[in-house]
Amino acid sequence: MHITNVEPFYFLDGTFGGGNHSRVLLEEFKNDDFWVVGLDMDHKMIDEGTKNFDPFIKSKKLALQQSNFLDLPSYIPHDFLPSIGQPV
């Protein structure tokens, strides 16, 4: 995959699982303007992802959280909120 002309953004992987979609994006966008937040309800997937994605986590390119979409507003960067609406 090759994507160009991408402005700074966060990617939300709401069903992180094994992290395959996130891995492709993290490997493609190695600049400082791209971050992934991975959510999964299964603590085993989060534990596995923490081990398998350690370099991305240490470099603060990836944050993993055992959670679901109900908690989504708490994972959106606050400076993005005015453009997408306030959480309910």
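Why is strand E2 largely enclosed by the rest of the structure? I looked up burial along residues 34-40: six of the seven residues of E2 are buried, so the strand is largely enclosed. I took buried as under 20% relative accessible area, exposed as over 50% and partly exposed as in between, with a 1.4 Å probe and protein chains only.

Notes on the source. The model is predicted, so I kept to its limits: local features need pLDDT of at least 70, side-chain atom pairs count only at pLDDT 80 or more, and totals for chains, interfaces and linings use all residues. Residues are numbered from 1 along each chain as its sequence is written, and side-chain values use heavy atoms, with hydrogens and water left out.

Elements. I listed four helices and three strands, in the order β-α-β-α-α-β-α from the N terminus. These are DSSP runs numbered from the N terminus, helices being H or I of at least four residues and strands E of at least two.

Sheet. I found the three strands in an open parallel sheet, ordered E1-E2-E3. E1 and E3 are the edge strands, each pairing on one side only. Two strands pair if DSSP finds at least two bridges between them. E1 (residues 9-13) has five bridges to E2, with Tyr-10 opposite Trp-35. E2 also has five bridges to E3 (residues 62-66); there Asp-40 stands opposite Gln-66, and Gly-38 has Leu-64 as its bridge partner.

Crossover. I checked the hand of the unit made by E1, helix H1 (residues 20-28) and E2: it is a right-handed β-α-β unit. Right-handed means that, with the strands pointing away from the viewer, the path from the first strand over the helix to the second runs clockwise.

Core. I looked up the largest nonpolar core and got 11 residues, among them Phe-16, Leu-25, Phe-34, Val-36, Ile-46 and Leu-64. Such a core is a set of buried Ala, Val, Leu, Ile, Met, Phe, Trp, Tyr and Cys residues joined through side-chain atoms within 4.5 Å. H1, E2 and E3 each supply at least two residues of this core.

Leu-64. Leaving out residues up to four places away in sequence, I noted that Leu-64 touches Phe-16, Gly-38, Ile-46, Gly-49, Thr-50 and Ile-57. Contact means heavy atoms within 4.5 Å.

Whole chain. I noted that buried residues make up 30% of the 88 residues. Among contacts between residues at least 6 apart in sequence, 67% join residues at least 24 apart.
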